[in-house]
Amino acid sequence: MSKNLWVFICTHGDLSTALIDSAEMIVNKLDDFYPFSCFPDSEPEYFSRQIEYKLQQAPGPVLCLVDLIGGMPCNQCIRLSQHYDLQIVSGVNLPMLLELNDVRNEYPLSELIKYCLDVVSTSSKDVLSELNQ
């Protein structure tokens, strides 16, 4: 089981904070979810140091949700994963945060990664086609 699993949301712009704020409108407080944002003038090393500082405080493994594969947030997390118990999933979205909040301490981290990937694939729909079925 993934007790006390910390979740880092690492994105371009204010997306990480906005996702957490939006999720908290629906489910109240998300405990141990931490936003990290990079901006056009962000130095990769500074962004990485912010994440690393929090990683050093983590009670165990960390699940890092990023917006884009190959973007600076993802690349810095990949670099940090070589030294810390950090798993990375791309494609973070609001349904993923909501679902993960409900189950993150019920399954091993490897299962949570699969769960997040399933949420991404099932949360996107052609809404009008779905309604017409």
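Buried, as I use the word, means under 20% relative accessible area, exposed means over 50%, and partly exposed is in between. Please keep in mind that this is a predicted model.

Let me start with asparagine 93. Where is it found? Asparagine 93 sits in the loop between strand E4, residues 86-90, and helix H4. Is asparagine 93 buried or exposed? Its relative accessibility is 18%, so asparagine 93 counts as buried. A polar atom of the asparagine 93 side chain lies 2.8 Å from the backbone nitrogen of methionine 96. Leaving aside residues up to four places away in sequence, asparagine 93 touches Leu19, Val119, Val120 and Ser123.

The largest nonpolar core has 22 residues. Which of them have the most contacts inside this core? Those are Ile9, Leu63, Leu65 and Leu97. At least two residues of the core come from each of these elements: strand E1 (6-12), helix H1 (15-27), strand E3 (62-66), helix H4 (94-103) and helix H5 (109-123). Another core, of 18 residues, lies apart from this one, and its members include Cys10, Cys64, Val66 and Leu86.

What does leucine 63 touch, if we do not count residues up to four places away in sequence? The list is Leu5, Trp6, Val7, Phe8, Gln87, Val89, Leu100, Leu109, Ile113 and Cys116.

On to the charged pairs. How many salt bridges does the structure hold? There are two.

One joins the side chains of glutamate 24 and lysine 29, at 3.8 Å from N to O. Glutamate 24 has 23% relative accessibility, so it counts as partly exposed. Lysine 29 has a relative accessible area of 55%, and therefore is exposed.

The other salt bridge is between lysine 114 and glutamate 111, with the closest N and O atoms 3.6 Å apart. Both of these residues lie in helix H5, three residues apart, which is about one turn of the helix. Lysine 114 is partly exposed, because its relative accessibility is 49%. Glutamate 111 is also partly exposed, with a relative accessible area of 37%.

To go back over the main points: asparagine 93 is buried, and its side chain has a polar atom 2.8 Å from the backbone nitrogen of methionine 96. The largest nonpolar core has 22 residues, and the structure holds two salt bridges. That is what I have.

Technical notes. Residues are numbered from 1 along each chain as its sequence is written. This is a predicted model: local features need pLDDT of at least 70, side-chain atom pairs count only at pLDDT 80 or more; totals for chains, interfaces and linings use all residues. Side-chain values use heavy atoms; hydrogens and water are left out. A nonpolar core is a set of buried Ala, Val, Leu, Ile, Met, Phe, Trp, Tyr and Cys residues joined through side-chain atoms within 4.5 Å. Buried means under 20% relative accessible area, exposed over 50%, partly exposed in between (1.4 Å probe, protein chains only). Helices (H or I, at least four residues) and strands (E, at least two) are DSSP runs, numbered from the N terminus. Contact means heavy atoms within 4.5 Å. A salt bridge is a side-chain nitrogen of Lys or Arg within 4 Å of a carboxyl oxygen of Asp or Glu. A polar contact is a pair of N or O atoms within 3.5 Å; within protein, one must be able to donate a hydrogen and the other to accept it, and residues adjacent in sequence count only if both atoms are side-chain atoms.
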